[in-house]
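Subject: Structure handover

Hi,

Here is the structure I promised to pass on. Have a look at it first, and then read my notes below.

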Amino acid sequence: MKYAWIIACREFTENARTKGFWIGLFLFPAILFLSIQVPVFLQKKAMPTRHFLMVDQSESLAPVISAHLDNLHQKRVLQELIEHARSGLMDPGRSELLRTFSNTDPRALELFRTQGGKTAFLEKLKPGLKPGTPEFVEPKPIFQMMSLPSDVPSQGDLAVISEKLRPYLKGDKKLNHQGQKRDLHAAILVPKNYSGAVLRPGAAMDPGQPQSGIEYWSKNLADTKLREEMEKAVNAEIRRTEYLARGMDSAQVLKIEQTRLLVTSLNPSKQQGDEKVNSGDVMKQWAPTAMVYVLWIAVFSIIQMLLNNTVEEKSNRIVEVLLSSVTPNELMLGKLLGIGAVGLTMIGSWIVALFAILSWVPGAGQIGPRILDIARTSPLLPAFVIYFFLGYFMYAALILALGSLCNTIKDAQNYMGVILMILMVPIFTMTFIPRDPNGAVASFLSWIPLWTPFIMLNRINADPPLFDLVGTMILLLLSVAGFLWLSARVFRHGVLRTGQPPRIMELFRLLTKSSKG
Amino acid sequence: MNPNSNSEPVIVLENVDKYFGEFHAVQKLNLRVLPGTVYGFLGPNGAGKTTTLRMILDIFKPTSGRISILGHSSALKVRHRIGYLPEEKGLYKKMKAWSIIAYFGMLKGMPRNQARQRAYELLERYGLKDFSEKTTEALSKGMGQKVQILAAIVHDPDLVILDEPFSGLDPVNQEVMEGIISDLVSRKKTVLFSTHIMQHAERLCDRLLLIARGRALFDGTLPEARKLLPRRLLLETVDDASAVASMPGVISFQAAEKDDGSNQVPRWEIGLREDADSQRILEECLVRNIRLQGFHQLNPTLHEVFVRLVGSEAKKAGFR
């Protein structure tokens, strides 16, 4: 064991010095950090303001669309104000302001507007702010309505108007906005009489009415947000006028439309009285999937490292000197432990980085404590560590046997393809398992030792049956022992072998003949 | 050199056989290496030298037979007393010279600090002090091989096993290697090395084992090896020397190969019985008016002994 330990220490220190290790160490946290920060940055800073213009010959829809877009903007302002309050308040947990506005109830926005909007919010916020809190910066509006250029008429045939707008829409001409040139993103043309284009369920089209509805002109087909929001606003208005036409009170209808029946999700697995499902519970169900992914990346990257290392030692014949000092089993154990420790260090740093990022990075502040809570209250982390070691030892045994038979990395990569295919199954089923964690497919896959670590980890928060939990663990332990035993035999015979890797029958002979050999 | 025939042998092989599948790599091999001796293990490529060394080191198990090393059945039990340099030399590319030597020292049971200190000492002693902190990939091939031999002797082993230690070395480094072996011998260490370069064996070995196709063909000292070939004389004369063939003690008479070209005098090689008197042959030549321009006693070289013993196998293997 002393010599296996010396080998393990060397494997660890030498691998920990490689660029690959450090890249691996920082790549995952960097990707995680960027995956949170980049969308936030794009949303806040890089989202362009879309300049559009509207020709409303009906003189009824423009104010509706404009009000809807303004509402959207105010919603963003409120969200930003809440973020600003969370980061700036001395005691955000006790803030009445945050309690009132940080919920998804549409009435929160209405309240915000009626109570005086941004100005009133900031006034109320001011006394509770920490000294030195930066000034609130209102986000730029996503949509900006522009006035019609002087060379484009607002009345007359829409075809003529659109023809006049074409150079602006194509970017050949620019709009003038507060002395700056702006690209026209889209033009919304509303005909004088659009009622003929209103589609009513069950009603035939009126052949006497023109059927042209609203024209939405834009060369940008990817960004459809303006069109979608405009449609929402217009359709809401159309329905309102329909209610009026049928003698209904539209205000009452609106209220009725907002009526909701409360549906509560309850989980029978939770403690009595606390069965209500919250977002933390949902995260708890999905957290294993994320851990399965981390486990997969960890196992895959470490076995790659092990393969390269074994083939290197074999190809440059260092292994012969090593075997004059240690037994093949000591050598194998040392490599398994040393490179396993490299992997564990990498995963440990990832988990620390995960919590650090989720706790400290703006935009992820609420998730961090919840994940920490999941880690503390569910068996996820201990299960992860156990399944990591068992999964690692099983695949590492395969890789060591493989590496000992190959003289070059090229030879080894051919066989690695087969192992990669086996490893793809947990990835393919990764998102399916949490939806039916104790179903037939999940149970069946759990009993296949090569997949047990991944599938069982994915099921761990869904209270799998004890029989599955214990049975698959016993089978996995036996399989790991079996794989290590077989691998040790192949390793002993293969590691000093030269020439082509053995064929299947030869391999079988290696495995079945006595240890004298 | 300090052979001590009264001591217990360091290595004993008794009727050792090794099969790889159907291939009989080593056949009924017997060997006794005494402490303080330099033992040469000679044979053409594929003779079974490396396999035998690996069996001695317990890297391979013999199929049958008994191996004892420093009084133990497995080399791993006395790993701290054995140093090994394999034929195919390789090092971890990213490790520094001192750390790789220290690492192998630790694998031989040395404490970390002692291994480190000894690594620096050896690098200094063998002229590599300035390269101690360089990674092995930055060293020249010769330096790398030197580092590897230092890694094999870092723990001051009693027995050093070297598999083809001179292969791939330039003449300067071959001399360095000879120096290291001589140094080990002067400190009463036992050295077993395999080679197919006869000059090294002639210069360094107390005893030799010739092996071909897995079988021992000769085991003994250099003088004993030379006795395997008849004594020879080389005569140079312009006269008819055919009468020499019938002189007493002469067993063969044939024209010798010409030398490098400067000497045009015909040369004759005469084989003698072991009890023949070369002075008598000289007298007979004078009596028979054979005017001699040269009369030399020839000692058989190891090369000749092995060519004779191994025959075409040796020629194919390129003995020199």
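First, a term you'll need: a salt bridge here is a side-chain nitrogen of Lys or Arg within 4 Å of a carboxyl oxygen of Asp or Glu. Going by that, there are two salt bridges between chain B and chain A, and the search over all chains of the structure gives 37.

Some housekeeping. This is a predicted model, so local features need pLDDT of at least 70 and side-chain atom pairs count only at pLDDT 80 or more, while totals for chains, interfaces and linings use all residues. Residues are numbered from 1 along each chain as its sequence is written, chains are lettered from A and ligands numbered from 1 in the order in which they are written, and side-chain values use heavy atoms, with hydrogens and water left out.

**Where the chains meet**

Chain B puts 28 residues into the contact and chain A puts in 24 (contact means heavy atoms within 4.5 Å). About 2,500 Å² is buried between the two chains, 59% of it on carbon and sulfur atoms; buried area is the accessible area (1.4 Å probe) that two parts lose on being put together, summed over both. On the chain B side, B:Arg79, B:Tyr92 and B:Leu107 lose the most area to chain A, together 23% of what that side buries.

Helix 1 (residues 2-16) of chain A and helix 2 (residues 97-107) of chain B have axes that come within 9 Å and cross at roughly 160°. Axes are lines fitted to C-alpha atoms, for helices over the stretch in contact, and angles run from 0 to 180 degrees between N-to-C directions. That makes helix 1 of chain A roughly antiparallel to helix 2 of chain B (angles under 35 degrees count as roughly parallel, over 145 as roughly antiparallel, 65 to 115 as roughly perpendicular and the rest as oblique). A:Tyr3, A:Ile6, A:Ile7 and A:Arg10 of helix 1 of chain A touch B:Tyr103, B:Met106 and B:Leu107 of helix 2 of chain B.

**Inside chain A**

Helix 17 (residues 452-459) of chain A and helix 18 (residues 466-494) of chain A cross at roughly 160°, their axes coming within 11 Å. Helix 17 of chain A and helix 18 of chain A are therefore roughly antiparallel.

Helix 14 (residues 380-405) of chain A also packs against helix 17 of chain A: the axes come within 9 Å and cross at roughly 170°. So helix 14 of chain A is roughly antiparallel to helix 17 of chain A.

Finally, A:Arg50 and A:Asp223 form a salt bridge through their side chains (2.8 Å, N to O). This pair links distant parts of the chain, 173 residues apart: A:Arg50 is in strand 1 (residues 50-56) of chain A, and A:Asp223 is in the loop between strand 6 (215-217) and helix 8 (225-245) of chain A.

Cheers

Methods:
Helices (H or I, at least four residues) and strands (E, at least two) are DSSP runs, numbered from the N terminus.
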